[in-house]
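Got your viewer open and your selection tool ready? Load the model below and follow along, one stop at a time.

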Amino acid sequence: MKGSAAPENSQMPDMKRPIPELLAPAGSWEALLAAIGAGADAVYLGGRRFNARRLAKNFGPEELERAVAYSHERGVRVYVTVNTLIRERELQEAIEYLLWLYEIGVDAVLVQDAGLARLARDTVPRLPLHASTQMTVHNAEGVEHLAREGFRRVVLARELGSEEIEEIASRSRDLGIGLEIFIHGALCFSFSGQCLLSTCMGGRSANRGVCAQPCRKRYTLVKGAADEFGRMSAERQAMSDTAHLLSTRDLCTFGWLDSIVRLPVESLKIEGRMKSPEYVAVVVDVYRRALDLLGEGDWRPDPVEECRLALAFNRLFTRGLIFGARDEEMLSPETPGHRGLKIGTSQSRTRRQDLLRIRLIRELMPVKGDAIAFRTADGKTAGGFILSRAPLRRGGEISVRVPCDIPENAEISIMRSSSLEQRAREIMARSVSSRVPLMLKMNAFLDAEQYLVLRGTVCQPGRTPLSVSVKSNIPFQSARGRPLAAVDMKKHLCRGIHPPFSLTDCRIEYPGGLFMPLSALNENRRRFLMEALSAVTASYRPDETEIQGCRDQLDRFRRYAPLRIAHSIQMDRPPKLGVIVDDLQSARESFMHGADTIYYELETGDAIRKANPRAGSVVPAPEDLRSLGDICEDCHASGKSLFWKWPRICRQPFIDRAVLLATDTSSPVLDGFMVENAGAAVALKRYGLKQPIHGYSGLNVWNSWSVAEYSELFGLLTLSPELSLREIEHMMQMRRPGWPEIGMQVQGNLEAMVSEICIPASLGLCREGGCGDGDSGVWALRDEQNCLFPIRMGSSCHTHIFNSVETCLIDLIPEFFRCGIDTFILDARGRGSVYSGRICEIYSSAIEAVMEYGVRARDEILSLKEGIREMARGGITMGPLLTGLREEDHQ
């Protein structure tokens, strides 16, 4: 496959080595059987609620409990995904669910919501927690924070390179926390957990498991000049046609497995809970056998195996950012669907006009029953058919019967392989057996009353042997005819023992001369095996004392009576007004027109310097901060505050350099910092900085327990823009003394995506010195509904995609007053100084009006809103504030 070949200098491992866990997806019961049959060490799966793959088949309660038991019987660990963000009113149901998962013996749960993790730590303290990739952990300080909060494992962001993973592992080696990485499957264009595009376009949130995958749609890249309000004008098309510009290829690290197993990680994850059982069977089987050979020191990449991976499913393969793939190697803009496996090109027809000659480019030959697709180079002619007969081969060509006219030089691909499907079915059938069999010892003897007793032990490697004993329902009788011989007893007791058991010892203590029906012997053996399975299942579960302690803690949570805040407008303490800007003139205009706090972001401005663009690292220089000196003095003279806003994604080189600059005595005296990930806050705290740290929307604060979780790190937390007004009210009613201040973005185009992939660069439009052709201007994506989604490229060529419509919540200021929101935040990045000054003036006037007139200020607010509408980028919206997110029950 293009873009997926292994490096030529790939070295053969020369010794045996420990192999990380192979973790497989299980989106259904059939996929679970496929994963176990293919040799997975562990599986991850989800229930019907709180699951980031709600559109998968998933597991109901009874089926989930059965899946856990079935997997444990075969030595396979089970991790359950509870990896969505949790509303305030859902917390009780969510923690009850976690307690139930603990009771049925799951090995760990994957979580995204920081508040739920804190609640789990208080209520079910011995339930192992894994941090989902939805938590966007991408630096060592982020791992440190989660280790301190009791997590056992972190699934790292898929954008990290192998050297970054090694650096993070080195810094977190003594923290008692493991690392997990993805090695195969679908990729997201955005950093996971930071994508709001589906929410913006249709109200279906990826953070709630119902992503509509707008990244797989068609877009056109456009460029134009910016007007005085930062809006696009004089638009021109930057590319000739629409394409799937956000559609990523599929990750495939098969050719780099020897490098993968050298990384200091404990788990290798395959994506695919939305994929078929056949896909799971084939992909897991390929990686399982390769990892086993690597463990023995006897593996090289096999092109045949890579073909199997491609036939299972691919959107073209990429080695991924983990191994330095370039922007164009990350995307598959032609089509977002399965690409199949190209086997050759069409030639002229044979003398028999129903036969088509195909020149092969690989040894793999299609067989009867395969699904074949053809496509011309210009894409104007495409189609497919099922191969009805076996092809005829002559040298490097084959002849196949075709039902339609196919032009010469069309690309011929196998889309579905009948032989691979048969292989998948065989793999799935192996699920009854086990890579880790239950080692069984059995001793049969008669007690004093002549009852048959089967007693023995069952154990799995690394676990304590378990004792099992059953007694027959009826005693042995004196034989009236032919007595039961000892050899026959042993034969009948042993012959019905099948996988997952492996009988290692069977001893018979029987005096002879007695009789028992063979059906009774078989029933006793069946009961013994059932007891053995029950003992194995119970060994993974906590004891009743532990469960009762958790239930008592849960009861205390249920009785928790919140001290509700007053719902009257707080006339004596108006909310503050904060604005995010990225140029000095905008900062000056903002504080001159009413902003109390200026959050100045350098990452998307012109001053920041690149250190390692391909690694996505931007490192500020001393002069970058010194440039803020004059504006800092002006702010202080006016009684305003200037905060340094860090980028949403803070790679390790940025953090290491930025904290040094922040403590440099020659730097301006900043009033604080705004960050969007916990790792950045941990780094600032470690260096003893006394200035307050404000947290922005990238932290995904959805409930009061998240506020409590972050309260020691942050002096202000910004609520998620995906919350409705009612959900904000529920959350704010839980406010407690000691909470940080609460902020809310009330104006600006929401940042819908942040990506490591530079779209212009993927099209060859990114040149030295910046994205584009050297002239100034703004970029945007135009979708099929003719909506423009603004794009900004950071100094490291990060792509920041913003909503096509501008959020405007000025109507709701009275309601936010009553809720107790402390700071209203305006996002004016990229909008210029005219917009920044005017929008601050408008919101400052609105706050003053509400302070003076209360709800009677609505008429004045509506008048101010018209001023916003005149300079809005793409129109205005309230987003989900009034209607909430769309979350139909898809199960």
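Start by selecting R648 and E751, whose side chains meet in a salt bridge with N and O 3.9 Å apart. A salt bridge here is a side-chain nitrogen of Lys or Arg within 4 Å of a carboxyl oxygen of Asp or Glu. R648 sits in the loop between β30 (641-645) and α18 (652-662), while E751 belongs to strand β35 (residues 751-755), so the pair ties together parts that are 103 residues apart in sequence. Labels like these come from DSSP runs, numbered from the N terminus: helices are H or I with at least four residues, strands are E with at least two.

Are these two residues buried or exposed? R648 is buried, with a relative accessible area of 6%, and E751 counts as buried too, at 5%. (Buried means under 20% relative accessible area, exposed over 50%, and partly exposed in between, using a 1.4 Å probe and protein chains only.)

A quick word on what you're looking at: this is a predicted model, where local features need pLDDT of at least 70, side-chain atom pairs count only at pLDDT 80 or more, and totals for chains, interfaces and linings use all residues. Residues are numbered from 1 along each chain as its sequence is written, and side-chain values use heavy atoms, with hydrogens and water left out.

Next, pick E65 and R541, another salt bridge, with the closest N and O atoms 3.1 Å apart. E65 lies in helix α2 (residues 61-73) and R541 in the loop between α13 (518-539) and α14 (544-558), so this pair links parts that are 476 residues apart in sequence. Both ends are partly exposed: E65 has 30% relative accessibility, and R541 has a relative accessible area of 29%.

Now go to K471 and D447, which form a salt bridge at 3.3 Å, N to O. K471 is in strand β22 (residues 466-475) and D447 in the loop between β20 (438-446) and β21 (451-459), so the parts they tie together are 24 residues apart in sequence. K471 is partly exposed, at 37%.

How many salt bridges does a search of the whole structure find? The count is 70.

Zoom in on β20 and β21, which pair in the antiparallel sense over eight bridges. Look for F445, which stands opposite V453 in β21.

**A seven-stranded sheet**

Clear your selection and try the order β16-β15-β19-β13-β14-β18-β17, an open sheet of seven strands with antiparallel pairing. Which strands stand at the edges? They are β16 (382-386) and β17 (392-394); each has a single partner strand, so one side of each is left without a neighbour in the sheet. Neighbouring strands here are turned by 35° against each other on average, direction ignored.

Walk across the sheet using bridge partners:

- L341 has I414 in β19 as its bridge partner; β13 and β19 (residues 411-416) pair over four bridges.
- T345 partners R359 in β14; β13 (residues 341-349) and β14 (residues 355-360) pair over four bridges.
- L355 stands opposite R401 in β18; β14 and β18 (residues 397-401) pair over five bridges.

**Two helices side by side**

For the last stop, select helix α24 (residues 832-853) and helix α25 (residues 858-871), whose axes come within 10 Å and cross at roughly 170°. The two are therefore roughly antiparallel to each other. (Angles over 145 degrees count as roughly antiparallel, under 35 as roughly parallel, 65 to 115 as roughly perpendicular and the rest as oblique.)

Show the side chains where they meet: among the contact residues are I839, I842 and Y843 of α24 and I861, L864 and I868 of α25. Contact means heavy atoms within 4.5 Å. By class, this contact has 12 nonpolar, two polar and two charged residues. (Nonpolar covers Ala, Val, Leu, Ile, Met, Phe, Trp, Tyr, Cys and Pro; charged covers Asp, Glu, Lys and Arg; the others, Gly among them, count as polar.)

Key:
Axes are lines fitted to C-alpha atoms, for helices over the stretch in contact, and angles run from 0 to 180 degrees between N-to-C directions. Two strands pair if DSSP finds at least two bridges between them.
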